[in-house]
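Subject: Structure handover and notes

Hello,

Please find the structure below, followed by notes on what was found in it. The notes go through one topic at a time.

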Amino acid sequence: MSYDDLSALTIDVSDGVATVTIDHPPLNLMDAVLLPSLRAFIARVRDDADVRVIVFESADSEFFIAHGDMAYLTDPDALPEATRAAIAAAPDATIPEGLNILQALSEEVRSLPQVTIGKLAGFARGAGNEFFMYLDMRFAAIGKSGQGQPESLMGILPGGGGTVNMTRLAGRARALELILGAELVGAELAERYGLINRALPAGELDAFVGTLARRIAGLRPEVISITKAAVDAIAPPIPHTAYAVENEGLYAAFGDDVTELAHKLLAAGIQTREGERDHERIANSI
């Protein structure tokens, strides 16, 4: 299977492990380039018998996926254009009625026969954290990683499966705290809240994830698929109605006031490297 044509991604397949490196400067935004590339990769890898484990990491030492493109809030054509590009990238994948493209990607990732692992050594906010939460297992570096859903500070709610998957992982009370409080969560608190499997010293993250991925990839393929099926029987798929409620809420929140706020955030430095290092403080000051 060839993946060389996917913009913003570098994919290396070795010994049953596909290492997907997100490389979309300057911030790895979930935009009209990265979103279609991820969706195309997911569609192709599903039938790749040479891949049993998929590890997602970032080429950027500070940002896994910074968040969704702010143009989604300032340009009425931006999100439809990204959606059309993502649909064209995987034309055979059906989007369930009532779901937006990021929610559909969530279900596509979660239904992969392979095991997916996220390796976080930087920031993942908004759509970046939503994608990270889609994965089967997640590991983060202590003192270097941060996860957050800052959408409430922008006048909207997480609309790419964030309300659904954060509640699934952390529970109702903690999901409300993190979504409405818009706090950036470090690895140790993320572990305690259930957002990640383990918080690891930064110097141990690569070796730990690499060893785990190779160990799983060395299993008989049938063991992986039947284990995922058995675990999913206890934790069944999320009803599409949950995503539909989130999607309806997202579009209901859009309006001139949100667009105005987004322009103010951009003017204050959001979606620049310097501004993204201090995203929550800037957003809370507007």
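Contact here means heavy atoms within 4.5 Å. Helices (H or I, at least four residues) and strands (E, at least two) are DSSP runs, numbered from the N terminus. This is a predicted model, in which local features need pLDDT of at least 70 and side-chain atom pairs count only at pLDDT 80 or more, while totals for chains, interfaces and linings use all residues. Residues are numbered from 1 along each chain as its sequence is written, and side-chain values use heavy atoms, with hydrogens and water left out.

In helix 6, the residues G162, V164, N165, M166, L169 and A170 are buried; buried means under 20% relative accessible area, exposed over 50%, and partly exposed in between (1.4 Å probe, protein chains only). The cover over these buried residues of helix 6 includes helix 4 (101–110), helix 5, strand 7 (137–142), helix 7, helix 8 and helix 11 (240–253). After helix 6 comes G171, with a positive phi near 95 degrees.

Helix 5 against helix 6

Two packed helices are described by the angle between their axes and the distance between the axes. For helix 5 (residues 127–134) and helix 6 (residues 162–170), the axes come within 10 Å and cross at roughly 50 degrees. Axes are lines fitted to C-alpha atoms, for helices over the stretch in contact, and angles run from 0 to 180 degrees between N-to-C directions. Helix 5 and helix 6 are therefore oblique to each other. (Angles under 35 degrees count as roughly parallel, over 145 as roughly antiparallel, 65 to 115 as roughly perpendicular and the rest as oblique.)

On the helix 5 side, N129, E130, M133 and Y134 make the contact, and on the helix 6 side G162, N165, M166, R168 and L169. Sorted by class, this contact has 4 nonpolar, 3 polar and 2 charged residues. Ala, Val, Leu, Ile, Met, Phe, Trp, Tyr, Cys and Pro count as nonpolar, Asp, Glu, Lys and Arg as charged, and the others, Gly among them, as polar.

G148

G148 lies in strand 8 (residues 146–148) and is buried, at 3% relative accessibility. Leaving aside residues up to four places away in sequence, G148 touches A124, R125, G126, N129, E183 and L184. From G148 to R125 the separation is 23 residues in sequence and 4.6 Å in space, C-alpha to C-alpha.

Salt bridges

Side chains of opposite charge can pair when their charged atoms come close. The structure holds 15 salt bridges, a salt bridge being a side-chain nitrogen of Lys or Arg within 4 Å of a carboxyl oxygen of Asp or Glu.

One of them joins D5 and R44, at 2.7 Å from N to O. This pair links distant parts of the chain, with D5 in the segment before strand 1 (9–14) and R44 in helix 1 (residues 34–45), 39 residues apart. R44 is partly exposed, with a relative accessible area of 24%.

Another joins D60 and R273, at 2.7 Å from N to O. D60 sits in the loop between strand 3 (53–58) and strand 4 (63–65), and R273 in helix 13 (residues 273–276), 213 residues apart. D60 counts as buried at 18% relative accessibility, and R273 as partly exposed at 27%.

E260 and K264 form a salt bridge as well, their closest N and O atoms being 3.7 Å apart. The two are 4 residues apart in helix 12 (residues 256–267), so about one helical turn separates E260 from K264. E260 is partly exposed at 48% relative accessible area, and K264 is partly exposed at 44%. Salt bridges that share partners also join D60, E62, R273, E274 and R277 into one network.

Backbone exceptions

Most residues other than glycine have a negative phi, and most peptide bonds are trans. The peptide bond joining P25 and P26 is cis, with omega about 5 degrees; P26 is in the loop between strand 2 (17–22) and helix 1. A182 is not a glycine, and its phi is positive, near 55 degrees. A182 is in the loop between helix 7 (172–181) and helix 8 (187–193) and is buried, with a relative accessible area of 3%. Q271, also not a glycine, has a positive phi of about 70 degrees and is in the loop between helix 12 and helix 13.

Regards
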